[in-house]
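The following exercises are to be worked with the sequence and the model at hand. Each task is followed by a solution in steps.

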Amino acid sequence: MTAYWISVYQEVFDQGKVDAYAQLARPALEAAGGTFVARGLPEQTYEAGESTRTVLIVFDSVEAARAAHDSPAYQEALAALDGGARRDMRIMPAL
């Protein structure tokens, strides 16, 4: 079953670390089977919506997304991030 990896950047403390993370994370997640569907700031928000950077990646399954997260290549990206941002990251199965 398809799964979605959703990351919301609630606060950026060090843009340089975020950039270093992005340079490593994208190829690591794509190599693990992820497809980037959307990333950036929202065009419109409603209700309690916040204008925060959001990333949406599709994987073939929750297991594939978990494996991508736990992979050595993605762990290297997380090490580069090193507290440079506060994020809400979740993996959700499709309906």
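**Exercise 1.** In what order do the 4 strands form the open sheet, and is the pairing parallel or antiparallel?

*Solution.* The model is a predicted one. Reading across the open sheet, the strand order is β2-β3-β1-β4. The pairing is antiparallel. The edge positions belong to β2 (35–40) and β4 (85–93); each has a single partner strand, so one side of each lacks a neighbour in the sheet. From one strand to the next, the twist averages 15°.

**Exercise 2.** Over how many bridges do β2 and β3 pair, and which residue in β3 is the bridge partner of T35?

*Solution.* Strand β3 covers residues 54–59 and pairs with β2 over 5 bridges, in the antiparallel sense. Within β3, V58 is the bridge partner of T35. Helix α2 (residues 62–70) packs on the sheet, where it touches β1 (3–12), β3 and β4. The direction of α2 makes about 150° with that of β4.

**Exercise 3.** Which residues have the most contacts inside the largest nonpolar core?

*Solution.* The largest nonpolar core has 17 residues. Those with the most contacts inside it are W5, Y9, Y21, L29, I57, F59 and Y74. Two or more residues come from each of β1, α1 (15–31), β3, α2 and α3 (72–81). The most is given by α1, with 5 residues.

**Exercise 4.** Which residues does I57 touch, not counting residues up to four places away in sequence?

*Solution.* Contact here requires heavy atoms within 4.5 Å. With residues up to four places away in sequence not counted, I57 touches A3, Y4, W5, L29, G34, T35, F36 and V37.

Definitions and conventions
Residues are numbered from 1 along each chain as its sequence is written. This is a predicted model: local features need pLDDT of at least 70, side-chain atom pairs count only at pLDDT 80 or more; totals for chains, interfaces and linings use all residues. Side-chain values use heavy atoms; hydrogens and water are left out. Two strands pair if DSSP finds at least two bridges between them. Axes are lines fitted to C-alpha atoms, for helices over the stretch in contact, and angles run from 0 to 180 degrees between N-to-C directions. A nonpolar core is a set of buried Ala, Val, Leu, Ile, Met, Phe, Trp, Tyr and Cys residues joined through side-chain atoms within 4.5 Å. Buried means under 20% relative accessible area, exposed over 50%, partly exposed in between (1.4 Å probe, protein chains only).
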